[in-house]
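I opened my notebook to look up a few things in this structure. My entries follow in the order I made them.

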Amino acid sequence: MKGKAVYILVLVIVLAVGASAWLTRDQQAFKPQADMPVAHQVFTNEQAHKLVIMPATIQINRDYNQRGSVQIRNDNDKPVTLRVMCQSPDDLTCVLFNSNEAVLKNTEPQRLAAGLTQKLTLLIHANRAKKRVHRIPIVAQVLDSNGQWQIAAHTFVTVKIALAPLQLKAQWIEPHTSFDKARLSKTLRITNQGLDIPDFSITYTQQVDTQGNILMNQGALHGKVHLNPIMQRAVFLSHSSIDIDVSPMLTPQFLELGGSLYLHGQGQYIQVPYFATVALKQNIYPTHNTQTTVAHSRGDFCLAKPMTSYVFPLVTKPNRTVEHQADENATHAWVLVELQSQMMWTQDKPVTMTVYFNDQSLGQITRRLLAGRFLFEVPFKQLHGNQVAGLSPQFNSVRLEFQATDQNVSQFSSSVSLYIKHDYQQQYLVAPSDKAAKQLTVNVASELPTNKSGLWVIENRWELPESVNAGDQLDAVFELFNTRESSSAAGKLMARIGDKIVGQANFDVLKPFEKRQVKIQLSIPKGISKDAPVKLAVNVNEVEDVKQ
């Protein structure tokens, strides 16, 4: 009997030692699992540290910068050194902040006095949320007497995400100018009548991929309709409007085109019918000009991972013939990246942004506060031209790749623009005759970014009225772009028809990479009429460097 008692005692000791070893191993290797119960759990290690994480439920919107509270109580009779971490699901970005709005990092321990409760802020970017309910693992560790981190408590915070209805008003606005009418262009004005939309996109299909991501390069109208700007995961504020220029890719064989555009947001979509046709007694004619081709793409994102990549699609309009490919008729091509901070976290180490054009690197920018305008020249051989007389449009893309050494929750609104300056460009227009089509063509020459001034006229808006006489005044608007990286400039914009100056206007200080519209009142000279094509040259003169 005595031997049996000894045997039982030894067995109990062995089991106790084994259980202790298993618990120690389990604490060191702990990784929160999705099937763990939503309740606080208290672990007591050999130093008897006790922490309690209060379980919580947070109600948020499906948007950026959503916040809730997490509380931790120290039930020990002495202070503890602790660190608290959270784990982000694939479709959320989660970060813990302390009372000073500083991001809690694994390398920055916190001190919590005995009996006190610390309130932390759980910041969540839920702009990409695909589920209505999430459970966010929260883990607290304490520093033991041996300088080792031990798990002291863990729990799940339940996050309930409210999905707002997609309340959009879509309205087609017919073109006002003869040139836009000849392009069959019209404006799609979209008004957000509901709450802010964090991920607004316009696509050619209602389909999404297996991960719930929208598809930007599929659908019946893809490759047949040009949208400017392209909207992809952009923030669309409540009670604001966006105007999208929509025009078909015209070819000599074009007759009509019908289909639908899809407005996506909040995991929902709205279908907008689209139709374009060549009217009776109208045909498509080739014209030539030297205008700048401009394509814009807009979107919002946050730097949620150490390596983050975002792709912005851009379309080069199919205006070229076989004899005039993109790398032959383009004199300059540039990509302008504009980053505007919506929520900036000042980090300890810089972020590196690498800009790729059609998968070829254009350059890098490394800064701690990554916001501003950045201009990159594009080698001609990287431009995607059209293979056969504009019948097979090729698409360009800009990829922004960010590399950060620290966790980052900065949110940016971004705009990526492609500018291509041509010495020859063929463009198809709809008109009653070849002569009428050519009369619609506007040629605008301007100084280029590579010359001394670094100022570039990139877009213009003007046309002759139906009835015009010598001496008539005509308002024209031109967009001026300062391509200098580090210097501002002021000067004068001058317009000429032939050798005659027909208008001029001073412009105030343009900061580096700043764009601005400049209005000039043109005085029409003799011999100008709707029957004689006008070639208007706009140049920058009297440039003055400005020190900021």
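**Entry 1: a strand pair.** I looked up H226 and found it opposite S247 in β17. I counted 4 bridges between β14 and β17 (residues 241–248), and the two strands run antiparallel. My rule for pairing is that DSSP finds at least two bridges between two strands. Strands here are DSSP runs of E with at least two residues, helices are runs of H or I with at least four, and both are numbered from the N terminus.

I noted where the model comes from. It is a predicted one, where local features need pLDDT of at least 70 and side-chain atom pairs count only at pLDDT 80 or more, while totals for chains, interfaces and linings use all residues. Residues are numbered from 1 along each chain as its sequence is written, and side-chain values use heavy atoms, with hydrogens and water left out.

**Entry 2: the sheet around it.** Which order do the strands take in this open sheet of 4 strands? I read β11-β12-β17-β14, with antiparallel pairing. Neighbouring strands are turned by 25° against each other on average, direction ignored. For such angles, axes are lines fitted to C-alpha atoms (for helices over the stretch in contact), and angles run from 0 to 180 degrees between N-to-C directions. I reminded myself that strands of a sheet pair through backbone hydrogen bonds, either parallel or antiparallel.

**Entry 3: another open sheet.** I found 4 strands in the order β2-β4-β8-β6, again with antiparallel pairing. At the edges stand β2 (51–53) and β6 (93–97), each with a single partner strand, so one side of each is left without a neighbour. Here, too, neighbouring strands are turned by 25° on average, direction ignored. I checked β2 and β4 (residues 66–74): 3 bridges join them, and they run antiparallel. V52 has R73 in β4 as its bridge partner.

**Entry 4: aromatic pairs.** How many aromatic pairs does the structure hold? I noted 3. Rings of Phe, Tyr and Trp (its six-membered ring) pair if their centres lie within 6.5 Å; planes under 30 degrees apart are stacked, over 60 edge-to-face, and the rest tilted.

W172 and Y274 have ring centres 5.7 Å apart and planes at 50°, so I wrote the pair down as tilted. The pair links distant parts of the chain: W172 is in β11 (residues 168–173) and Y274 in β19 (residues 268–277), 102 residues apart. W172 is partly exposed at 25% relative accessibility, whereas Y274 is buried at 3%. My cut-offs are under 20% relative accessible area for buried, over 50% for exposed, and partly exposed in between (1.4 Å probe, protein chains only).

F200 and F236 have ring centres 4.9 Å apart and planes at 55°, so this pair is tilted. F200 lies in β13 (residues 197–203) and F236 in β16 (residues 234–236), so the pair ties together parts 36 residues apart in sequence. F200 is buried at 0% relative accessibility, and F236 is buried at 2%.

**Entry 5: the cores.** Which residues touch the most other members of the largest nonpolar core? I found I190, F200, L227 and I244, in a core of 32 residues. Such a core is a set of buried Ala, Val, Leu, Ile, Met, Phe, Trp, Tyr and Cys residues joined through side-chain atoms within 4.5 Å. A second, separate core has 28 residues, including L362, V378, A404 and L418.

**Entry 6: charges over rings.** I call a charge over a ring if NZ of Lys or CZ of Arg is within 6 Å of the ring centre and within 35 degrees of the ring normal. The charged end of R135 sits over the ring of F156, 4.7 Å from its centre. R399 lies over the face of Y356, at 4.0 Å from the ring centre.

Entry 7: Most residues other than glycine have a negative phi, and most peptide bonds are trans. I found a cis peptide bond between N228 and P229, with omega about 5°. P229 lies in the loop between β14 and β15 (230–231). L184, not a glycine, has a positive phi of about 60°. L184 is buried, at 15% relative accessible area. K281 is not a glycine either, and its phi is positive, about 65°. K281 is exposed, at 77%.
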